Amino acid sequence: MPGTVVAIILLLTALAGIVPARAESWIVASEDSFPPYSFTRDGRRAGIDVEIVEAALKAIGVTPQHQALPWSRVIYSIDHDLVDFGFQFVGTAERFARWNMVPLNRTSQTVLALPRQSSFDYTDLGDLRGMTVGVVQGYRYDPAFDQASH
């Protein structure tokens, strides 16, 4: 975790030269409800990613103005220059070509969540055939999952 904070501080220091500061306050977009990474609690943004971004911005003297948005709106806001930056992106070739993306050192794993009493055994994507799987609109998962047609 400390290494991640240092990496983000270095990242945001680099961004300071390319992202215009607005009176030392940056508009920051993130998924509105993506616990434990970002969510709203008692009217304030919370979550591990929010804490990391806030600590890094504080280290360079910038105050975040959070915008909690549906994921597709985070993307729209970046595409239309409505925010200084957004976070919680998975780095894909398409996204690196589309935006100025800076890699961070936080890793996570996307998993399937099933009711405890479920006897479902997963070995590959074919096992999901005939099932309904909920996803976040506009989010990218594993390329094989994203391209699956069943």
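Colleague: At what relative accessibility does Arg98 count as partly exposed?

Modeller: This is a predicted model, in which local features need pLDDT of at least 70 and side-chain atom pairs count only at pLDDT 80 or more, while totals for chains, interfaces and linings use all residues. Residues are numbered from 1 along each chain as its sequence is written, and side-chain values use heavy atoms, with hydrogens and water left out. Buried means under 20% relative accessible area and exposed over 50%, with partly exposed in between (1.4 Å probe, protein chains only). Arg98 counts as partly exposed because its relative accessibility is 41%.

Colleague: Which residue meets the side chain of Arg98 in a salt bridge?

Modeller: A salt bridge requires a side-chain nitrogen of Lys or Arg within 4 Å of a carboxyl oxygen of Asp or Glu, and a search of the whole structure finds 1. In this salt bridge the N to O distance is 2.3 Å, and the side chain that meets Arg98 is that of Asp79.

Colleague: How many residues apart in sequence are the parts that Asp79 and Arg98 tie together?

Modeller: Helices (H or I, at least four residues) and strands (E, at least two) are DSSP runs, numbered from the N terminus. Asp79 lies in helix H3 (residues 71–79) and Arg98 in helix H4, so the parts tied together are separated in sequence by 19 residues.

Colleague: What is the angle between the planes of Phe89 and Trp99?

Modeller: Rings of Phe, Tyr and Trp (its six-membered ring) pair if their centres lie within 6.5 Å, and planes under 30 degrees apart count as stacked, over 60 as edge-to-face and the rest as tilted. The structure holds 6 aromatic pairs, among them Phe89 and Trp99, which are edge-to-face at 5.1 Å centre to centre, with an angle between the planes of 70°.

Colleague: Why does the pair of Phe89 and Trp99 tie together parts that are apart in sequence, and how many residues apart are they?

Modeller: Phe89 lies in the loop between strand S5 (85–86) and helix H4 (93–98), whereas Trp99 lies in the loop between H4 and helix H5 (143–147). Both Phe89 and Trp99 are buried. The pair therefore ties together parts whose separation in sequence is 10 residues.
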